[in-house]
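Student: Can you go through this one with me? I'd like to start with confidence, then get to the packing and the cavities.
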Amino acid sequence: MPAVAIREISEFVGGQHSGDGKGSISGVASLTQATSDQLSFLSNRKYASDLAATKAGAVLVPKNLEGTDDRWIRVDDPYFALARIMTRWFSNRPLPRGISPKAVVAPSAKLGANVSLGHFAIVGDDVVIGNNVAIFQGVSIEAGSTIGNDCIIYPNAVIYDGTRIGNRCIIHSGVVIGSDGYGFATHDGKHHKIPQIGIVRIEDDVEIGAGTTIDRAALGETVIGEGTKIDNLVQIGHNVKVGKHCLLVSQVGIAGSTELGDYVAVAGQSGFSGHLKIGNRVQVAAKSAVLDDVPDDTKVMGSPAVPFTEFARRHAALKKLARRKT
Amino acid sequence: MPAVAIREISEFVGGQHSGDGKGSISGVASLTQATSDQLSFLSNRKYASDLAATKAGAVLVPKNLEGTDDRWIRVDDPYFALARIMTRWFSNRPLPRGISPKAVVAPSAKLGANVSLGHFAIVGDDVVIGNNVAIFQGVSIEAGSTIGNDCIIYPNAVIYDGTRIGNRCIIHSGVVIGSDGYGFATHDGKHHKIPQIGIVRIEDDVEIGAGTTIDRAALGETVIGEGTKIDNLVQIGHNVKVGKHCLLVSQVGIAGSTELGDYVAVAGQSGFSGHLKIGNRVQVAAKSAVLDDVPDDTKVMGSPAVPFTEFARRHAALKKLARRKT
Amino acid sequence: MPAVAIREISEFVGGQHSGDGKGSISGVASLTQATSDQLSFLSNRKYASDLAATKAGAVLVPKNLEGTDDRWIRVDDPYFALARIMTRWFSNRPLPRGISPKAVVAPSAKLGANVSLGHFAIVGDDVVIGNNVAIFQGVSIEAGSTIGNDCIIYPNAVIYDGTRIGNRCIIHSGVVIGSDGYGFATHDGKHHKIPQIGIVRIEDDVEIGAGTTIDRAALGETVIGEGTKIDNLVQIGHNVKVGKHCLLVSQVGIAGSTELGDYVAVAGQSGFSGHLKIGNRVQVAAKSAVLDDVPDDTKVMGSPAVPFTEFARRHAALKKLARRKT
């Protein structure tokens, strides 16, 4: 990692720094683990007690924090400042370099400028890839898919035919996009496959965690909206529409044709049944089962999921009941 | 996609068509999105209101639907008719062509007629593959496994040694079949691995969704019965027996040695503990935890799972209790 | 499989064998399926009724089992004896042989003695691999990672850069280690990625099941302690610390920064929210949601999880309430 002057870091994030700014920083660590050449941060006040003892050379703190320390850089939002600083200087993931001679690119595929392709990666017929895209080893991008600019696709991810991926997307290892949705017509005791001929469309600035699967639409599109961030081992069924800037935490499942609005946040291991309408800014607590439509700005919890207040009421009532001598 | 005469489509599914049948169809879409050269369908009456406004050139409808429209093709089961028509004409997934020179086939392996093997696919020692099998890039089929006729195996799926797969199976990307079951003998504070020397046997007409894992038996076989359809990210433990024509929806987990009868339907995110006997035609609601044997023809729900009626009773009682002033 | 004298087997596990020990064993099977050249075992008394009818040539039984049979080998712990015998003689998984010329090894990587590398495996810059390591086809080991001695890594597993893996670890197909943790700073309606620059450290004797994902730390380390066994499709978030000799059953999820003590056992589909402290020897029942710290030696259950006795009390109270006429 490079050594960066504290003054430069402070200026980059519009911070107020009371020190002389002459020191330099060559990495980032937590308050308890940072050394004098590292930057640290306080974004959660519950760790404020670690602030006095930290050995960090500089610390991002909230603008209005009480006290003084020559190492503090006061900013509006320390966590966001950290994201910007780390992205700018301290995130040195090694990427594939150039086009490996061991990759296979179909003659009809079109690669933009500065595309890197790892060993044994495959780019299928008529695939179109934008500029500054890094595709790691063993990735399959099947026929007719398109990838925007500035994307990273990690080893062994698989993108089925016809998938459309926007700009600045990050796709982790083990992700499968565009696999067949789960659709069968049962007739005379057998389940007959409905061919899944739709696609998956992923908008800009989406990140998809390791092992997540996103099924292609039966007909039409499965859509992941702009800025949505999906954690590991999440399942998105066919024809699901996920809105913009949603957060889907690990092991969430969304059954076919359900639609989520924008800024929906779903905690880990929750599930949605199919064909639901989930409003904007809905929040779903961990391990909930959402079986009905949910209006805008509602927080739900439980299995089946109900509004937070109703869940709390039931929980309290049951707790009380269990304590009663009967 | 090809253009197919409406008359030919109607005859293929034994439909009644009141129009002149002279038009042709070159694709399939939902009622709201279809254009005049596309086929659509009404299988769920809740979408009947979309029927009047559809621009589809032909529509599969139930035999006894009220009303008339020259574009309607009346059939017994529109959804099944759709499956047949799409499979026949409108499911053009690109498959690997021929045996890639970049695939590796062990000299002792036997490939049937019309097998295609994608780049970097691996066929191990003594593997036997039937006719008309398409194996995509990056797939590993390890030593001694057998694959029947007319199977499709998507990129980067892994089939461990000794697996037996029937005819007409579809295996999606990221699937792992034959990995070690979770078996340890704890002794003096350490967990000692029980080598898993059984196999996985998958019968005919099974489809396995992306990212699903099926463990080999400790001894003997893990079995997936004929016609069973498994969704994404499902976990099947060692020595599990899944019966014929079961439906296992996404993120279901079945612990070791549990046996499911035929036509068992398990909704998403449900789990079974080990060593259970689950009867025929059992239905399990979403996110249930089945901890005991379940007799034939029973619907269960909840965590721990109980019959639907009992679940409903408890749910209603709790709801009522929570509303009471106490 | 080899034929091994019963006497040799009995001596190897310190067993008492009343027969002449002259027969030989060439495999292992369950009591009901074993033939006269196979070894079987009784570790769970509930299968004792199968003992009389078994055709096994030798049977591992508990030291104090009533009755006599010339085929019995009496041992302290039949299941542990079975593990040792199978590991010694009857676990013939075919491994890759030598370094495939189709693998790619960075010039700066260091391989120990007796390393095998399957086709299309990739060993990145500065990777260090110990002795007797078998790496199957399609595995990616990215830059700067280290692997100890006697490890096995199955096809298409992915190990991101900087990961540290101990000795005698087993990593199954589809596993992803070191993918980015789920960390975003939300600012002006957008989720900004916090670069994840920590690593994953896996201690000795860890096994990781198929499709499991373990995220790298944001800063510092995600740690899996010595002797811990992880089943399939488990999710471990960034900066999680799992103690020594834990058991994490299939589809468990652990959110960021949560710490588990030693000998924690978590049944299938359970989840932990983030930043928790879970004590030593804690047991979590299946499908539980652990939302609070749990002290040592506590058994918890439910969603949200509470101690077993409290769960049982609530469950009984609700059951009773549902039966009451109101």
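Tutor: This is a predicted model. Chain A has a mean pLDDT of 95, and 99% of its residues reach 70 or more.

Student: And what ipTM and pTM does the predictor give the complex?

Tutor: The ipTM is 0.96 and the pTM is 0.97.

Student: OK, helices. At what angle do α3(A) and α3(B) pack?

Tutor: The angle between α3 of chain A and α3 of chain B, residues 308-323 in each, is about 95°, and their axes are 8 Å apart. Because 65 to 115 degrees counts as roughly perpendicular, α3(A) is roughly perpendicular to α3(B).

Student: Which residues make that contact?

Tutor: From α3(A), they are Glu310(A), Arg313(A), Arg314(A), Ala317(A), Leu318(A) and Leu321(A). α3(B) brings His315(B), Leu318(B), Lys319(B), Leu321(B), Ala322(B) and Arg323(B).

Student: How do the residues of the α3(A) and α3(B) contact divide into nonpolar, polar and charged?

Tutor: There are 6 nonpolar, 1 polar and 5 charged.

Student: Next pair, then. Where do the axes of α3(B) and α3(C) stand?

Tutor: They come within 8 Å and cross at roughly 95°. That makes α3(B) roughly perpendicular to α3(C).

Student: What does α3(B) use to meet α3(C)?

Tutor: Glu310(B), Arg313(B), Arg314(B), Ala317(B), Leu318(B) and Leu321(B). Their partners in α3(C) include His315(C), Lys319(C) and Arg323(C). The residues of this contact divide into 6 nonpolar, 1 polar and 5 charged.

Student: That leaves α3(A) with α3(C). How do those two pack?

Tutor: At an angle of about 95°, with the axes 8 Å apart. α3(A) is therefore roughly perpendicular to α3(C).

Student: Which residues does α3(A) put into the contact with α3(C)?

Tutor: His315(A), Leu318(A), Lys319(A), Leu321(A), Ala322(A) and Arg323(A). On the α3(C) side the contact is made by Glu310(C), Arg313(C), Arg314(C), Ala317(C), Leu318(C) and Leu321(C). The division for α3(A) with α3(C) is 6 nonpolar, 1 polar and 5 charged.

Student: Changing topic. How many cavities of 30 Å³ or more are there?

Tutor: The structure holds 6. The largest cavity has a volume of about 220 Å³.

Student: Which residues lie nearest the centre of the largest cavity?

Tutor: Gly174(A), Asn156(B), Gly174(B), Val175(B) and Gly174(C), out of 25 residues that line the cavity.

Student: And how does the lining of the largest cavity divide by residue type?

Tutor: Into 12 nonpolar and 13 polar, with no charged residues.

Terms used: Residues are numbered from 1 along each chain as its sequence is written. Chains are lettered from A and ligands numbered from 1 in the order in which they are written. This is a predicted model: local features need pLDDT of at least 70, side-chain atom pairs count only at pLDDT 80 or more; totals for chains, interfaces and linings use all residues. Side-chain values use heavy atoms; hydrogens and water are left out. Axes are lines fitted to C-alpha atoms, for helices over the stretch in contact, and angles run from 0 to 180 degrees between N-to-C directions. Helices (H or I, at least four residues) and strands (E, at least two) are DSSP runs, numbered from the N terminus. Angles under 35 degrees count as roughly parallel, over 145 as roughly antiparallel, 65 to 115 as roughly perpendicular and the rest as oblique. Contact means heavy atoms within 4.5 Å. Ala, Val, Leu, Ile, Met, Phe, Trp, Tyr, Cys and Pro count as nonpolar, Asp, Glu, Lys and Arg as charged, and the others, Gly among them, as polar. On a 1 Å grid over the protein atoms alone, a cavity is a set of points where a 1.4 Å probe fits but cannot get out, and a pocket is an open set with protein on both sides within 12 Å along at least five of seven lines; lining residues have an atom within 4 Å of a point. Grid points are joined across faces, edges and corners, and a volume is the space filled by probe spheres set on the points. pLDDT is the predictor's confidence in each residue, from 0 to 100.
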